[in-house]
Amino acid sequence: MNRVLIIGSPGAGKSTLSHRLAELGELPLHHLDRMFWLPGWVERDREEGRSHLRDVLAQDRWIIDGNYGSSLPLRLERADTVIWLDYPTWLCLYRALKRWRSYRGRTRPDMTEGCPERLDLEFFHYILMFRANWHSRNAAALSGFSGKLLRFQRPQEAENWLATLVNNDGRS
C-alpha cells in the first residue's frame, strides 16, 4: 500500500483517517482541499490545481484525501488502494456539525490557511445530497479499478481495519 486514495462524503472522516494512516504507513499526506482552494475560500484555477495534483501523483508514495470527482480518473490511474468511507448521510451531517463547532472561525489543519471552517446551507445541502449525487458515480468509476478497494459502511469497520495494521506493525 503505497498510493492511497481516501474518498467519501464531507464529514465522513477522510482527513482523520488519512492522518492516522499516514503515521502508520509513513506515507506523505496530501489534501485535495489544499490543492484546490486559495485563502478566502477562492477556488484555485482548475488547471493549476490539477498540475499540483499531477506532481503528487508522479511520486511513488502518497495518501490523497478528498473527492473532486473530475480528478478521480487521474487519481485512480496511479492509486494502488482506494478507501471509500461510504457512511450514512445522518452520520456525515452530524460529524460536519461537530467539526464546525470545533473549528468555527478557524482554519482546520487539512484546509488552506485563510479558509475558516463554515457550515452554510449550501454545504449542508451538499452533504445531504452527496449519496444521491456521488454514490453511483463513485461506484461506476471504481468498477474498473484494478487495485485494492476497501469500502467501509460504518466507522467501526475502518477502526477494525486500522487495528489490523497496528497489529502488523503498520505494514500492509
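Is proline 28 buried, exposed or partly exposed? I looked it up: proline 28 counts as partly exposed because its relative accessibility is 35%. Cut-offs used: buried is under 20% relative accessible area, exposed over 50%, partly exposed in between, with a 1.4 Å probe and protein chains only.

Ground rules first. I am working on a predicted model, where local features need pLDDT of at least 70, side-chain atom pairs count only at pLDDT 80 or more, and totals for chains, interfaces and linings use all residues. I number residues from 1 along each chain as its sequence is written, and side-chain values use heavy atoms, without hydrogens and water.

Proline 28, location. I find proline 28 in the loop between α1 (14–25) and β2 (29–31). Leaving out residues up to four places away in sequence, I list Arg61, Trp62 and Ile63 as what proline 28 touches. A contact here means heavy atoms within 4.5 Å. I also checked isoleucine 127, 99 residues away along the chain: its C-alpha atom is 27 Å from that of proline 28.

Elements. I count 7 helices and 7 strands. Their order from the N terminus is β-α-β-α-β-β-α-β-α-β-α-α-β-α. Both are DSSP runs: helices are H or I, at least four residues, and strands are E, at least two.

Whole chain. I note about 40 × 35 × 30 Å for the C-alpha trace along its principal axes. Buried residues make up 44% of the 172. Of the contacts between residues at least 6 apart in sequence, 71% join residues at least 24 apart.
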